[in-house]
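Thank you all for coming; I would like to take a few minutes to walk through one structure with you. Please have a look at it first, and then we will go through it piece by piece.

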Amino acid sequence: MAARTEVLHLYRRSLKLALDWAVHRYLWRGQAVYIRSLFEANKHMTQPRQQRELIDQTEEILNKWKHPDPYRAPTAPGGSKYERNLPVPSTEPPPHMHL
């Protein structure tokens, strides 16, 4: 079960990495189909040692192809619009409470 979740994380990371390198979404779609075919080809592997070896190889490939400047949504932390135009903090004291 742990290998399954690890493979799912690797698949998602590989799709995000491909999106970092693709200029347009229609180009990325072809890469996503290819990545899916690679994962589907090894879907029926049941030996834990072979699974571990394949997972390690995939992690090496992902680290090798890691983008130096990955895409970030503009409003996400690290994005170009993050915390831009924040509302002005209120300087008025809180209202008096009658207890």
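Which residues are exposed on the other side of α1? Before I answer, please keep in mind that this is a predicted model. The residues in question are A2, H9 and R12, which are exposed, whereas L10, Y11, S14, L15, L17 and A18 of the helix α1 are buried. Seen down the axis of α1, these buried residues fall within an arc of 160°, so they line one face of the helix. As for what they meet there, the buried residues of α1 pack against α2, which is residues 25-41, and against α3.

Let me take S14 as one example from helix α1, which runs over residues 2-21. S14 counts as buried because its relative accessible area is 8%, under the cut-off of 20%. Setting aside neighbours within four places in sequence, S14 is in contact with I35, F39 and L62.

By contrast, K64 belongs to helix α3, residues 48-64, and K64 is exposed, with a relative accessible area of 65%. If we follow the chain from K64 to A76, the two are twelve residues apart in sequence, and their C-alpha atoms are 25 Å apart in space.

How values were computed. Residues are numbered from 1 along each chain as its sequence is written. This is a predicted model: local features need pLDDT of at least 70, side-chain atom pairs count only at pLDDT 80 or more; totals for chains, interfaces and linings use all residues. Side-chain values use heavy atoms; hydrogens and water are left out. Helices (H or I, at least four residues) and strands (E, at least two) are DSSP runs, numbered from the N terminus. Buried means under 20% relative accessible area, exposed over 50%, partly exposed in between (1.4 Å probe, protein chains only). Contact means heavy atoms within 4.5 Å. The arc is that of the directions from the helix axis to the C-beta atoms.
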